[in-house]
Amino acid sequence: MTSAPTAPTVLPDQKKIGMVSLGCPKALVDSERILTRLRADGYAFAEDYAGADVVLVNTCGFLDSAKEESLAAIGEAIAENGRVIVTGCMGEEADAIRAVHPQVLAVTGAHQYEQVVEAVHTHAPPSQGPFVDLIPQPDIKLTPRHYSYLKISEGCNHSCAFCIIPALRGKLASRRIDAVLREAEKLVAAGTKELLVISQDTSAYGVDIRHDSRQWKGREVRAHMTDMARELGQLRTPEGHAPWVRLHYVYPYPHVDQVIPLMAEGLLTPYLDIPFQHASPKVLKLMRRPANEAKVLERLKSWRAICPDIAIRSSFVVGFPGETEEDFRYLLDWLEEAQLDRVGAFRFEPVEGAAANALPDQVPEAVKEERYARIMEVTERISAAKLAAKVGRTLPVIIDEVGEPDEDGDIGATGRSQADAPEIDGAVYLRNVPASLAPGDIVNVTIEDADAHDLFGALA
Ligand code: SF4
């Protein structure tokens, strides 16, 4: 069970909510919003199933395997507590959930905050404590205090053949730029040292609202990725430092070129998460991917010329219907050339309702496995060489965790360089750190060793 945020004081009769949050960072942000809203309504949070008056399960319904995981989590919550409300992406398939778990109290879909809160009010009416409404409480965060996800839009205007997100979450709906910046400012003031900008398509931010501009600190700022990035880079922590700002889910539209100089200037973390998914023009066309016409290899070169330290992360699907051995080799050659820093690979898996399921020339499972093994071999070799080249350098590292002293009194710590986003990339393991080091500290580390995924070093 996701540990619920600690409730400072539980008033007598205050109803308690349990929360199980599955899925991607976007779903985590939804969970935070629901919990923030429920706390404002006077609810407390349970640390375990037994202490909860009702359990919320925020589901993921993207892949069939995620649906199975969601159904299993709902089953566990029913077995442990019995009073369960389901929300999130899989909530769009209420019938499928009720067919397996008829006991669920209510099912609501992704982003239906009002409906989730209403369902909680119906099945666990809030206590009418006289003071509850008067206690100002900060927003709830499920991520550690030193990094925060900043969601800038919902939905997506594309129709990639393997994806059902637009059907689940609707068309692109961007938040106002001043609302995004205000939230970021609040997070940084409250201790966030690293902002992770997320959406389904970050480079499309503001397209739906015609890049509507708003006043922000005496300036006109557009709802546009470049303006947003520049403003985020000017925020300051209470200690006067610039937070790290990472852009996720960026498609290589031409205007992405404009954010690279901001990285070179130090306003943005030199990191781009671009889900290329494939390199073969034929497969990209079959996938109906946005912005695939761009001459990506040339642009990667020019980005590296402007900002040599830029780290590029991407993900790729192997075994997409119609992918031939020739297409796959094209992808491997492209990867050798592109020299990406971080790569995630996935075997194509049909998702119920996705257009790709009807495509001819489905790739046999054994071939997918074989291609997956080959792409992993290539990307691990590239990653190992890129990390080995960092040995001897001194890099800024953000600390995520500080360990306990071992038998010799040495304390280890785990952190990340600017090339590593939390939860998806590698780590930097530090030896022999002072006990005063704390999560969220940004320190200079001399890199002493590397393997295929992680770095090892000591404070400089
Ligand atoms: S860009 Fe494609 S993969 Fe990404 S959310 Fe939109 S439709 Fe899905």
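Student: Is Arg 313 buried or exposed, and what is its relative accessible area?

Tutor: A caution before the answer: this is a predicted model. Arg 313 has a relative accessible area of 11%. The cut-off for buried is under 20%, so Arg 313 is buried.

Now place Arg 313 in the fold. Arg 313 sits in strand β14, which covers residues 311-318. Its side chain reaches a backbone atom, the oxygen of Ile 424, at 3.2 Å.

Follow Leu 272 next. The largest nonpolar core has 53 residues, and Leu 272 is among those that touch the most other members. In soluble globular proteins, nonpolar side chains tend to be buried together.

Take Leu 340 from that group. Beyond four places in sequence, its contacts include Ile 312 and Ser 314. Both of those positions fall within the 311-318 run of β14. Leu 340 also touches Phe 276, Leu 300, Phe 316, Trp 334, Leu 335 and Ile 382. Two charged residues, Arg 304 and Lys 386, complete the list. There is also a second, separate core of 18 residues, with Ala 52, Ala 73, Ile 74 and Val 104 among its members.

Helix α11 spans residues 325-338, and helix α12 spans residues 365-388. Their axes come within 10 Å and cross at roughly 10°. The two helices are therefore roughly parallel to each other. On the α11 side, the contact is made by Glu 325, Phe 328, Arg 329, Leu 331, Leu 332, Leu 335 and Glu 336. On the α12 side, it is made by Arg 371, Arg 374, Ile 375, Val 378, Thr 379, Arg 381 and Ile 382. By class, that gives seven nonpolar, one polar and six charged residues.

Asp 454 lies in the loop between β19 and β20. Its relative accessibility is 16%, so Asp 454 counts as buried. A polar atom of its side chain lies 2.8 Å from the backbone nitrogen of Ala 427. Asp 454 and Ala 427 are 27 residues apart along the chain, with their C-alpha atoms separated by 5.1 Å. Outside its sequence neighbours within four places, Asp 454 is also in contact with Leu 387, Gly 426 and Tyr 429.

Arg 246 is in strand β12, residues 244-247. Arg 246 is buried, with a relative accessible area of 0%. Its side chain has polar atoms 2.6 Å from the backbone oxygen of Gln 418 and 2.8 Å from the backbone oxygen of Asp 420.

One last stop is Asn 432, in the loop between β18 and β19. Its phi is positive, at about 55°, although Asn 432 is not a glycine. Most residues other than glycine have a negative phi. Asn 432 is partly exposed, with a relative accessible area of 46%.

Key
Residues are numbered from 1 along each chain as its sequence is written. This is a predicted model: local features need pLDDT of at least 70, side-chain atom pairs count only at pLDDT 80 or more; totals for chains, interfaces and linings use all residues. Side-chain values use heavy atoms; hydrogens and water are left out. A nonpolar core is a set of buried Ala, Val, Leu, Ile, Met, Phe, Trp, Tyr and Cys residues joined through side-chain atoms within 4.5 Å. Buried means under 20% relative accessible area, exposed over 50%, partly exposed in between (1.4 Å probe, protein chains only). Contact means heavy atoms within 4.5 Å. Axes are lines fitted to C-alpha atoms, for helices over the stretch in contact, and angles run from 0 to 180 degrees between N-to-C directions. Helices (H or I, at least four residues) and strands (E, at least two) are DSSP runs, numbered from the N terminus. Angles under 35 degrees count as roughly parallel, over 145 as roughly antiparallel, 65 to 115 as roughly perpendicular and the rest as oblique. A polar contact is a pair of N or O atoms within 3.5 Å; within protein, one must be able to donate a hydrogen and the other to accept it, and residues adjacent in sequence count only if both atoms are side-chain atoms.
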